[in-house]
Amino acid sequence: MTVAELELDAADGTGVRIGPVPGGPPLDAEPRDGDGRRYFALVRLRGRPVGTVVGRVRAGEDPASVLAKQAVDEIVVPDAPRRPPAGEIPRATVVVATRERPDRLARALDSLLAQDHPDFELVVVDNAPATGSTRELVTSVYAGRGVRYVLEPVPGLAAAHNRGVAVATSGVLAFTDDDVVADPHWLTALTRPFGEDPRTACVTGLILPARLTTPAQVLLESHGGFAKGFTARDHDPARPPADEPLFPFTAGRFGSGANMAFRAGPLRAVGGFDPATGTGTPARGGDDLYAFVRLLAEGYPLHYTPEAIVWHHHRERWGDLCGQAYGYGAGLTACLTALLVRRPALVPSLLARLPRGLAHARAMTAPRDTGAAGGFGVPGAHGTYTYPWPRHLSRLERRGLLYGPLGYVRARLALRGASRPREGG
């Protein structure tokens, strides 16, 4: 499946056009399927992302024309005019945690250095490295381009992020991963909401697949764990959303760690990320979810903007997808355990939502018939639980849910006092 960007009405007057995604190969280099090619396309309207389409373009057909017609038929674009930006764009620190993936890191750094943001610094946190490859890359290739190298010996994504929090010099801290390519407007779009609303403590953005060439990649995208839709939304504890009865514990609805930013003060005030959560620890994940809910529990609003886009390189192999399915489940319950340990006042609220939460977990992890040859189908609508999800992955995710609390306890014992940003510091 070819991943592309489709512009319906380019601002420069060129009209409908289609092209590769940032960091992706030329469209004509992607493999054909039978007598044509299948596309997964991000649809933009005068630069604004408005939706995605999945379609087939037959041999001899013009991809831009075919997919544009499909987009007009399928995507409902709000009639409301785009609100002009207000407020200044704050200075930012971008933190990229990495471990032994210099090739992917270089691709990510190139896209981050091409941002149109007016004022930012870039920090690479080398997490528990086994070799000097990351240090060599950053200090030899990128040091003269304003990229700082920082070592964090304690393994785990949360510990690496906390190191980034500790060394950052900006009032807004943005985080992304080494396996993404950032849209040139990503950092500006991600940080602008902080300048528009002084109450906002966290902003998340849109994550889309950079490639969909294997069944594992398509299934991961189908699971709906990354994209959060094409409508900007505020999650405000002062006005709990009526359509989210589990708020604020459905943290997966708020965003993902590959595309998030925080106001430095509130994040430091709650102690940063819990180092007993996250990839690289026995907890397997949940570090981003913990930070989202922790800030919401303190009364801070969280904002989601689809205009801040990163393109994520999903893992290609089935074995990696199995590990991610298990990690999704483990990370969620590890996050909830961390919240109860760190913020016991949340216990009554969580217990009151427990019956609905269990029903939500069953729906989220339920197996679904793929209904397609080859056993994987195409990406489904995010958040609807109509996407294909094989029984084997469902079982792994549910086992992860059961393991998460134990994983968190094991991670806490392994840490034994690892440093975290001091409260209020």
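**Overall architecture, helix packing and local backbone features**

Among contacts in the chain between residues at least 6 apart in sequence, 76% join residues at least 24 apart, a contact being defined by heavy atoms within 4.5 Å. The structure is a predicted model, in which local features need pLDDT of at least 70 and side-chain atom pairs count only at pLDDT 80 or more, whereas totals for chains, interfaces and linings use all residues. Residues are numbered from 1 along each chain as its sequence is written, and side-chain values use heavy atoms, with hydrogens and water left out. The chain has twelve helices and 13 strands, which are DSSP runs numbered from the N terminus (H or I, at least four residues, for helices; E, at least two, for strands). Of the 425 residues in the chain, 53% are buried; here buried denotes under 20% relative accessible area, exposed over 50%, and partly exposed the range in between, with a 1.4 Å probe and protein chains only.

The buried residues of H5 are Trp186, Leu187, Thr188, Ala189, Leu190, Thr191, Pro193 and Phe194. In helix H4 (residues 157-167), which contains His161, this histidine counts as buried at 1% relative accessibility. When residues up to four places away in sequence are not counted, His161 touches Val95, Ala97, Phe175, Met260, Phe273 and Asp287. With a disulfide taken as a pair of cysteine sulfur atoms within 2.5 Å, the count comes to zero disulfides.

Helix packing was examined next. Two packed helices are described by the angle between their axes and the distance between the axes. The axes are lines fitted to C-alpha atoms, for helices over the stretch in contact, and the angles run from 0 to 180 degrees between N-to-C directions. Angles under 35 degrees count as roughly parallel, over 145 as roughly antiparallel, 65 to 115 as roughly perpendicular and the rest as oblique. A crossing is termed left-handed if the near helix is turned anticlockwise from the far one by less than a right angle, and right-handed if clockwise. In the residue classes used below, Ala, Val, Leu, Ile, Met, Phe, Trp, Tyr, Cys and Pro are nonpolar, Asp, Glu, Lys and Arg are charged, and the others, Gly among them, are polar.

The axes of helix H6 (residues 215-222) and helix H9 (residues 318-342) come within 8 Å and cross at roughly 20°, and the two helices are therefore roughly parallel to each other. The crossing of H6 and H9 is left-handed. On the H6 side, Ala216, Leu219 and Leu220 meet Trp318, Leu321, Gln324 and Tyr328 of H9, and the residues of this contact divide into six nonpolar, one polar and no charged.

Helix H9 also packs against helix H12 (residues 391-415), their axes coming within 6 Å and crossing at roughly 45°, which makes H9 oblique to H12. The crossing of H9 and H12 is right-handed, and its contact residues comprise 17 nonpolar, six polar and four charged.

A further pair is formed by helix H2 (102-113) and helix H3 (residues 133-142), which pack at an angle of about 35° with their axes 10 Å apart. The crossing of H2 and H3 is right-handed. The contact involves Pro102, Leu105, Ala106, Leu109, Asp110 and Leu113 of H2, together with Ser133, Thr134, Leu137, Val138 and Tyr142 of H3; by class, eight of these residues are nonpolar, two polar and one charged.

Most residues other than glycine have a negative phi, and most peptide bonds are trans. Arg46, in the loop between strand S3 (36-45) and strand S4 (48-58), has a positive phi near 55°, and this arginine is partly exposed, with a relative accessible area of 48%. Glu100, which lies in the loop between strand S5 (92-98) and helix H2, has a positive phi of about 55° although it is not a glycine, and at 24% relative accessibility Glu100 counts as partly exposed. A cis peptide bond, with omega about 5°, joins Phe247 and Pro248, and Pro248 is found in the loop between strand S11 (233-235) and strand S12 (260-263).
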